[in-house]
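Take a moment to turn the model around and look at it from a few sides. Then let us walk through it together, piece by piece.

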Amino acid sequence: MSSLYLRRRITNWLAMGLSTLATLIGLAFLAWILWETLRQGISALHLSLFTKITANGADGGLANAMVGSLIINFIGIAIATPIGVMAGMWLAEYANRTKLGESIRFLNDILLSAPSIVMGLFVYTIIVLPSTAITNGSTTFSGFAGGVALALIALPVIVRTTDEMLRLVPSTLREAALSLGVPQWKLTMQILIRAARSGIITGVLLALARISGETAPLLFTAFGNNYMALNPIDKMSSLPQIIYQYANDPGADLHAMAWAGAFVVTMFVLLLSLASRLLFSRNKVSHD
Amino acid sequence: MSASQAAVSAIDLEQRSKRDARAERLFRWLLKGCALLVLASLLGAAGATLWGGREAFSTFGWHFLVSTAWDPGNDVYGALVPVYGTVMTSLIALVIAVPISFGIALYLSEVAPAWLRTPVASAIELLAGIPSIIYGMWGLFIFAPFFADHIKPWLTSNLGNKPDDGKLSWIAQHVPFIGKLFGSDYPFGASILVAGIVLAIMIIPFISSVMREVFQTVPTRLKESAYALGSSTWEVSWDIVLPYTRSAVIGGVFLGLGRALGETMAVTFVLGNAMTLSASLLDPGTSIASTIANQFSEASGLQKSSLMALAFLLFVVTFIVLLIARLMLRRLASKEGR
């Protein structure tokens, strides 16, 4: 064997070995993060976490933060879903291959990874500041403002999946309906949306998973509240915000509660993405 | 069918088609309005932060960008320290994440047995689903102490210019800059390097999934031709697959960079929040996003305006980075005729 051949073989083995190592490193960090979240989270899990509020500090629970998270996420999804689905419909059905459509699709892709803290500041400027001016009072942070901030983050996810899912619907379906004289809006609202339904729901679930862990945009919009708040115009706390607050506190008891909160958030997000994945794969199979 | 019935249905039909046309117009405008909202949120975010930062920009002018001052006592603010922290942590993240992501993509597309590919790929994608605050907590409570106990002492004594025992290593003496980069007498783990590592773990799934996807678009006949000529797997990957997908791979890297630049929570926890400029990667620092997260709710006046100005800078820079990313990704798609 020539030395060149040997060198090439060694290079190849080395490269393959390093790529396996890289994968192992990635998996090791995944396992490490999940393991610590599980371990620290489960050991701090208590029934009182779900029944008491954060006003009692270390003796309290996270109930108001969990309720706040649910309300804020619900507002975010309730705003983003209709707007996102309709925008996606426009991109796929009306503006496919037009200049404006292509540029909005392009910018939407950029918005997908835009810094979420800037979105928080944006909502602070357009909702929190004006409402402070109206009430003449102290700054009026609100759960609603938090919901709007999350809606801005969910929006591009929903737009993108709706757009993609609609474009996957076979064009024979459109042609058949149009040849029967169905107007395009009825075609879109009654036929195409059903064909793409599970894909669109997947997008909404993904968006929900994405916003459930968001912290940065809530800091200056929903702000936080140590008491149970059910009215969206009040300040509202959320799980990620409480985790942030408790983890930065010097008290070890609060750290344990932060881990419990982190465990709840992580489980929620992972189950959501699992659910969306299952839904999507079932959808794929049924089309084959 | 009688004549009168036919006349009625003709009128019906006409009315119906008018109604349909009206509904169609309305529907079209509604949809277009929603799509324009996407555009509005982008412009709005840029406009709102620029408007909020106008006072800082007009007070400090260009000095805002180059000044290291951040002094609420004297109301003097400059962006250089947070900008340096953002750029440095993101660069460290890229230096670590790009080779690892390439390795993962290579493993998943060339090395791994077929039955292992889907589960491993799903596991890596799971990393992308973990909320950033969890990365932050893990970094703060688990990784930073681990780093301070096991990795940092080795780095400071073997590479740094401030070793505990006072004896400079050969590398610190002979290789320029290395000593400064790794020299530190700060006792805790939280630092620019740790923030960079945590960011790297966060962006690995993004970069590797883009790379894996584009590697799969390489025509099989290209690879098979190279294999038929006797190439090894590595040679096919490095000389055929990578050049073919170069623009998209760069796009994926920029996508990861865009994520890293704008990340708030993961970084805020592990950066140490020091408003000082230090050459050492082992010293604490700050980033644009974490400065905003830490100070905005208590800031007022010029400080608040400066934070808004920082947010504007961050938004513009990430926009440009992500723009480049999407353009690069699109180049491969157009090559394929998609």
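In which helix of chain A does Gln245(A) lie? Gln245(A) is part of helix 10 of chain A. Keep in mind while reading that this is a predicted model.

**Helix 10 of chain A**

Let us stay with Gln245(A) for a moment. This residue has 18 C-beta neighbours inside 10 Å and therefore counts as partly exposed, since a residue needs 20 or more to be buried. Along the chain, Gln245(A) and Leu14(A) are 231 residues apart, and their C-alpha atoms are separated by 46 Å.

The buried residues of helix 10 of chain A are Leu239(A), Pro240(A), Gln241(A), Ile242(A), Ile243(A), Tyr244(A), Tyr246(A) and Ala247(A).

For a contrast, look at helix 7 of chain A, residues 171-179. This helix also has 9 residues, but it is hardly covered: the count of buried residues is 0. After helix 7 of chain A comes Gly181(A), which has a positive phi near 85 degrees.

**Two helix pairs to compare**

Two packed helices are described by the angle between their axes and the distance between the axes.

| Helix pair | Angle | Axis distance | Handedness of crossing |
|---|---|---|---|
| Helix 10 of chain A and helix 6 of chain B | roughly 15 degrees | within 10 Å | left-handed |
| Helix 6 of chain B and helix 9 of chain B | about 135 degrees | 10 Å | right-handed |

What do these angles say about each pair? Helix 10 of chain A and helix 6 of chain B are roughly parallel to each other, because their axes cross at roughly 15 degrees and angles under 35 degrees count as roughly parallel. The residues that make this contact are Pro240(A), Ile243(A), Tyr244(A) and Ala247(A) from helix 10 of chain A, together with Ile133(B), Met137(B) and Leu140(B) from helix 6 of chain B. Sorted by class, this contact has 7 nonpolar, no polar and no charged residues.

The second pair packs at an angle of about 135 degrees, so helix 6 of chain B is oblique to helix 9 of chain B. On the side of helix 6 of chain B, the contact is made by Ser132(B), Tyr135(B), Gly139(B), Phe143(B), Ala144(B) and Phe147(B). Helix 9 of chain B (residues 192-215) answers with Val194(B), Val198(B), Ile201(B) and Met202(B). By class, the contact of helix 6 with helix 9 of chain B has 8 nonpolar, 2 polar and no charged residues.

**Where the chains meet, and the core**

Now step back to the whole contact between the chains. How many residues does each chain give to it? Chain B brings 68 residues and chain A brings 70 residues. On the side of chain B that touches chain A, helix 1 (residues 3-52) of chain B gives the most, with 20 residues. That side of chain B has 48 nonpolar, 14 polar and 6 charged residues.

The largest nonpolar core has 184 residues, and those with the most contacts inside it are Ala154(A), Val198(B) and Ala311(B). Helix 9 of chain B supplies the largest share of this core, 18 residues. Leaving aside neighbours within four places in sequence, Ala154(A) is in contact with Gly76(A), Ile77(A), Ala80(A), Ala207(A), Arg210(A) and Ile211(A).

**A residue that touches both chains**

Thr233(B) is located in helix 11 (residues 233-244) of chain B. Because 19 C-beta neighbours lie inside 10 Å, Thr233(B) counts as partly exposed. Apart from neighbours within four places in sequence, Thr233(B) is in contact with Asn12(A), Met16(A) and Glu110(B). Thr233(B) and Leu257(B) are 24 residues apart in sequence, and 29 Å lies between their C-alpha atoms.

Is Arg97(A) buried or exposed? With 6 C-beta neighbours inside 10 Å, Arg97(A) counts as exposed. Arg97(A) sits in the loop between helix 3 (63-94) and helix 4 (99-112) of chain A. Its phi is near 70 degrees, a positive value in a residue other than glycine.

Asp75(B) is in the loop between strand 1 (70-71) and strand 2 (76-77) of chain B. With 11 other C-beta atoms within 10 Å, Asp75(B) is exposed.

Methods
Residues numbered from 1 in each chain as written. Chains lettered and ligands numbered in written order. Predicted model: local features only at pLDDT ≥ 70, side-chain atom pairs only at ≥ 80, totals over all residues. Contact = placed C-beta atoms within 7 Å. Helix = DSSP H or I, 4+ residues; strand = E, 2+ residues; numbered from the N terminus. Nonpolar A, V, L, I, M, F, W, Y, C, P; charged D, E, K, R; others polar. Buried ≥ 20, exposed ≤ 12 C-beta atoms within 10 Å, placed from the backbone. Axes fitted to C-alpha atoms, helices over the stretch in contact; angles between N-to-C directions. Parallel < 35°, antiparallel > 145°, perpendicular 65-115°, else oblique. Left-handed = near helix turned anticlockwise from the far one by under 90°. Core = buried A, V, L, I, M, F, W, Y, C linked by C-beta atoms within 7 Å.
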